[in-house]
Amino acid sequence: RNEALLSLIRARLHLTAQRREDRLVFDLQTAVAESFGYVSKGGNDGKPLIRASEALMKHYYWAAKAVTQLNQILLLNIEERLNPQTHELRPINERFSDKAGMLEVASDDLYARHPHAILETFLLYQTTVGIKGLSARTLRALYNARGLMDGEFRRDPVNRATFSAMLHCGSGITHAMRLMNQTSVLGRYLWVFRKIVGQMQHDLFHVYTVDQHILMVLRNVRRFFIAEHAHEYPFCSQLAAGWDKPWVLVVAALFHDIAKGRGGDHSELGARDVRSFCRQHGIARPDAKLIEFLVHEHLSMSRTAQKEDLSDPQVIAGFAQRVGNERYLTALYLLTVADIRGTSPHVWNSWKAQLLEELFVSTRRALRQAASGESANNAVLVEAKRTAALKLFTAAEHETELFIALSALTPLWRNLEDRYFQRFEVSEIAWHAASLWQHTDTEKAIVKARASTISDGVQVLVYTPDQGGLFARITAYFERLQLDIVAAKIASTNHGYALDTFQISPKITPVKNALNAKASAITVSPDTLSGLVEQIERELTRALRSDTKAEIVNHRISRQIRHTAFAPDVRIRALLVAKNAATPLFEIALSCADQPGLLSRIARFFIANKIDLVEARIATLGARAEDIFIVRLADNHASTDTAALQKSLANILVA
């Protein structure tokens, strides 16, 4: 039956593609699903949107899963027939035996006579040394016992105690949960989990089905507590070493996305589910409250780190208030890192790691200050950064040399507000100082680049007299070379200069299929990172010193972006500024699919609408752009009604 379904999907895939096509890719899934009669449902009145393609893919995954189970049983039977002498039984208890490293039931009807043995199977698999899987007889017995795992089975106190024992076990939990999912036992014991088995996530982050993503996050959490994996997440492993209850994070990981696809906020629905789970399994109230908090807030730390200004004390104070205490902060940080790492192999990078760690450290400092009754003094923090940057600049501790260095830097630093020192790291401030102290009042553009200290790419500094369309020209250059701008800090001095820093991620392959002939002549394929640094310094300096206008380069949009329903979201709000400020400031926050030429289009939109860019926070999250711009609007827009401007900007963001 399952083979017939898979063959039929393949046949319809060929007919839909009008060629031999054995990849069920994004742009064909909907058409194939509709050929089966699936239709998209919901999406309004609070009902979850169930796409036709998602319904098809769920059936596909269930069929593939069944084939895998049957295939495993068949291969185990063949192996046993070929090597019967190596499959002697070694009793473990009266119900189970070790059969060549496979867990074997004592009889085919064991589960029918003793339903409690179903979960005991996986506890033994998790805790018995030498057991590496389930025998064909056990797999067959589990398959035949699926009807026994009903509501009464789930409410049984013995079964709940066995499942709790699995969660509290110090090892093997990831393997046990994966095996339970493969045999469909996990979804039958946790009924809410069954609903997300095989469920696709048509967004710009996840590459796994929801159930596989959850198990991947569970795996990441467990690796924090395993010494041999400490090199993967050094800071997380350091925090995990002082954490007393790993099982709390395991439960939170198991439930954090369990309400996906039901409509509404899956964080709130998941928190409700895990609250019931904790009550049913006798979890103490303090631990239950922490687990519920983690499920409810599992997205808040990544959102704050990647979308908010971490140099703003109010942002840190607000997040500290939301978290409440250091224990909750530590748990949320560990779960957040595990979650992001579990979405896709390409979403996590050292830049995101830096942002999350910065938010964690700043929030921990704020919590400790609040606990001790201290008040955060921004002036003291700024002065500490100045002093640390000065020492890096001179690479010396001698007071005379520091005094000479400070004298050299005074012309530059006196033109920079405290906000600059709050936003940039000490190493960045020292790098800026070393690059610019002799060019404070230069009339030419200064471009410096270096291998990034916080990401895998290149950090680029641009210092030049401010000019109209500067941001557009810089972004156009990077996009013409198909270099990804993963983050940017845009700043201005008091004497009319732009001081901008970009985090650049080079693509592995050179530019191909460029629609613009001029763009196709320029490729980015340096043999070494130093070659890319030299190329950027040379070419971008030349581009900024010329009078050439920025040109938008149109590259091909990826299949994933074209066929992922993700409407741009643009929000404009007035910011609270000093009463004596010359003009009011506005924040433009946008979220849309990342695409070639995006920043250039935004920059040209600003020019056309006479919008003055003051600051920018650029963040690329997987295939999604999350950007925030602090701007001054033209007089005709500087009113409470910015709806028209908001709509116009959203229109140019459509992929």
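A nonpolar patch on the surface is formed by Leu 74, Leu 75, Ile 78 and Leu 82, with about 400 Å² of accessible area together. Patch members have over 30% relative accessible area and no salt bridge; nonpolar side chains (Val, Leu, Ile, Met, Phe, Trp, Tyr) are joined within 5 Å, like charges within 9 Å. Areas come from the Shrake-Rupley method with a 1.4 Å probe, and for residues only the protein chains shown count as cover. A salt bridge is a side-chain nitrogen of Lys or Arg within 4 Å of a carboxyl oxygen of Asp or Glu.

The model is predicted: local features need pLDDT of at least 70 and side-chain atom pairs pLDDT 80 or more, while totals for chains, interfaces and linings use all residues. Residues are numbered from 1 along each chain as its sequence is written, and side-chain values use heavy atoms, without hydrogens and water.

Ile 78 belongs to helix α3 (residues 52-82); helices (H or I, at least four residues) and strands (E, at least two) are DSSP runs numbered from the N terminus. Ile 78 counts as partly exposed because its relative accessibility is 41%, where buried means under 20%, exposed over 50%, and partly exposed in between.

The structure holds 2 cavities of 30 Å³ or more. A cavity is a set of points on a 1 Å grid over the protein atoms alone where a 1.4 Å probe fits but cannot get out, and its lining residues have an atom within 4 Å of a point. Points are joined across faces, edges and corners, and the volume is the space filled by probe spheres set on them.

| Cavity | Volume | Lining by class |
|---|---|---|
| Largest | about 310 Å³ | 10 nonpolar, 5 polar, 9 charged residues |

Of the 24 residues lining the largest cavity, Trp 351, Leu 355, Ala 488, Lys 489 and Arg 617 lie nearest its centre. Elements giving two or more residues to this lining include β7 (483-492) and β11 (612-621), and α20 gives the largest share, 4 residues.

Gln 69, Leu 70, Ile 73, Leu 139, Leu 142, Tyr 143 and Thr 183 line the second largest cavity. Helices α3 and α6 (136-144) each supply at least two of its lining residues.

Helix α29 (residues 598-608) has 8 of its 11 residues buried, so it is largely enclosed by the rest of the structure. Among the buried residues are Arg 601, Phe 605 and Phe 606.

Conventions
Buried means under 20% relative accessible area, exposed over 50%, partly exposed in between (1.4 Å probe, protein chains only). On a 1 Å grid over the protein atoms alone, a cavity is a set of points where a 1.4 Å probe fits but cannot get out, and a pocket is an open set with protein on both sides within 12 Å along at least five of seven lines; lining residues have an atom within 4 Å of a point. Ala, Val, Leu, Ile, Met, Phe, Trp, Tyr, Cys and Pro count as nonpolar, Asp, Glu, Lys and Arg as charged, and the others, Gly among them, as polar.
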